[in-house]
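The report below walks through a structural model in short sections. Please keep the sequence and the structure in view while reading.

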Amino acid sequence: MTDAGMTGATDYRGWTRPPFIKRPWLRWALYGGGLLYLVLAVASVEVNWVRVWEGLERGQRFIEGFLVPDFTSRWEDILQGMEESLTMSVTATVVGVLISIPIGIGAARNIAPLPIYAVCRAIVALSRSFQEIIVAILFVAMFGFGPFAGFLTLSFATIGFLAKLLAEDIEDIDEAQAEAVRATGAGWWQIVNYAIQPQVMPRLIGLSLYRLDINFRESAVIGIVGAGGIGATLNTAMDRYEYDSAAAILILIILIVMAAEYLSGYVRKWVQ
Amino acid sequence: MLRLKDLSKVYATGDRALTDVSLTVEPGQVVGLIGPSGAGKSTLIRCINRLVEPTSGQVYLGDMDITGLSRGGLRRARRRIGMIFQEYALVERLTVMENVLSGRLGYVGFWRSFFRKFPPASIENAYRLLDRVGLSDHVNKRADALSGGQRQRVGIARALEQDPDLLLIDEPTASLDPKTSRQIMRLIVEICDERGLPAIINIHDVALAQQFVRRVIGLQSGRVVFDGSPDELTADVLTQIYGEEDWSATIRKADEDGEDIDEDADHPGTVPVDRERLAGLT
């Protein structure tokens, strides 16, 4: 029995990776059930093929408009919308980042006491649970149409995003560095300033730039519900079936987002 | 003078790291703490400045009972206890000078430390210490730009910048090569002699401990099983601390005073990371 392995070089024992789910019947039941659900789910989607056919034509007109973007006829509106959007996203990012730093610190389990942690995590959850559009509708209702509602919406959304990621980054720090600073008799704020801030700063800067870019894109969406900015301009163009102007706006958005992308990549490398 | 009385630590997981450890370190005495991984060496030195909270027992530094201190009192006590770490534990993205000056954090207010406005005397002392450990040319380099031996020198300067009454040193050479290990150990022992500074050095490497310290404490499963001079570390004693093994090479090396570096190819300093220490942090 045990010496079977020594009988010759041709006597291979073979090897297969142990299955993730040990019991074969459970494994096949789960795989089969998953597949069945997928088939049924796809089958349940109703597709109106006549409508799709009609829509193709509209889509074609849209794409044609894209091929000949019209920057000139609505240039004044586009410029104003862009300016509003950029102002909105920059101010909202700055305000959002400033507010999210203390909340992010409070939401990091390794440095915050439990009650503060609970409160800060609740704020993060609240901010993250509402999509920008819903928040924008609320703020438009409260403060009227225009970029101020957009600014508030984006600030609010930035807090949830940045505080959560900052807190997670703080929880991932090298504890040894914090321990060493604590061992010198440093106070809590000094530990944050000397041991934690240097470790999370590059990522905080990177995330803030990323959020600036998200805020700019979001400003185009929330404009549709009345929160000002380039979104409002885009919405007007679409409503008037001016797909060429809409295309011009979309191209400008793409260019600005690309510029932000290159810039943030450069800055991130520099702060590392 | 440092005195531990019946010090015990049981982690929340139920692991008994220390059981009734009592010992006294006289002024100016440098003690090597040896023992296998998981024996409680790191826990022991962390219980002294309460980075790990002891479960029971007392720690006296002079007349002060550290275990009974409030938070503010503990901070003031920690200022008097310098600590040097296994993987240096420097703040990687800060400059060498900032790392050394962080030894003064317990003495200055938050805003002064925030704006790096330390008292001129502290800065002067930091320059002197960097000079002493041979890093005068690296003052404004970032800590992560230095080599292992240089980083540990910064770690030593940071601990001394506290102007401590006691040094706690956790595996100072575990991530260094044999030659650098000896240089660092020599530097630590020299500085302790210069200042009459007592120190506890956790050390994996028995030969290194024998070479540099005059008193060795052996820890096994959280209990002190040996306390004596390095010469008394016989094969029987090492077996008691670490378990059955052929100790003849280790003891012979001690007789030759370990000067021949090539013989150290197999020394335990090459063991990568002390898991027990990391476990103690969580």
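Among contacts in chain B between residues at least 6 apart in sequence, what percentage join residues at least 24 apart? The figure is 71%, where two residues are in contact if their C-beta atoms, placed from the backbone, lie within 7 Å.

## Basis of the model

This is a predicted model, in which local features need pLDDT of at least 70 and side-chain atom pairs count only at pLDDT 80 or more, while totals for chains, interfaces and linings use all residues. Residues are numbered from 1 along each chain as its sequence is written, and chains are lettered from A and ligands numbered from 1 in the order in which they are written.

Of its 282 residues, 45% count as buried, that is, 20 or more other C-beta atoms lie within 10 Å of the residue's own, with C-beta atoms placed from the backbone.

A nonpolar core is a set of buried Ala, Val, Leu, Ile, Met, Phe, Trp, Tyr and Cys residues joined through C-beta atoms within 7 Å. The largest one has 115 residues, and those touching the most other members include A:Val181, B:Val31 and B:Leu168. Helix H6 of chain A (residues 147-171) gives the largest share of this core, 13 residues. Another core, of 11 residues, lies apart from it and has A:Met82 and A:Ala246 among its members.

Leaving aside residues up to four places away in sequence, B:Leu168 touches B:Ile45, B:Ile48, B:Asn49, B:Ile81, B:Met83 and B:Ile200.

## Contact between the chains

The contact draws 22 residues from chain B and 19 residues from chain A. On the side of chain B, helix H2 (71-79) and helix H4 (110-114) are the elements that give two or more residues, and H2(B) supplies the largest share, 4 residues.

## Helices and annotated spans of chain A

Helix H3 (residues 75-106) and helix H9 (residues 230-239) of chain A pack at an angle of about 145 degrees with their axes 7 Å apart; axes are lines fitted to C-alpha atoms over the stretch in contact, and angles run from 0 to 180 degrees between N-to-C directions. In this pairing, A:Asp77, A:Ile78, A:Gly81, A:Met82 and A:Ser85 of H3(A) meet A:Ile230, A:Ala232 and A:Thr233 of H9(A).

An unreviewed UniProt entry annotates "transmembrane region" over spans of chain A including residues 25-45 and 133-162, although such annotations may be inferred rather than shown by experiment. Residues 25-45 are 95% helix and 0% strand, with end C-alpha atoms 30 Å apart, whereas residues 133-162 are 90% helix and 0% strand, with end C-alpha atoms 18 Å apart.

Note on methods
A residue is buried if 20 or more other C-beta atoms lie within 10 Å of its own, exposed if 12 or fewer, and partly exposed in between; C-beta atoms are placed from the backbone.
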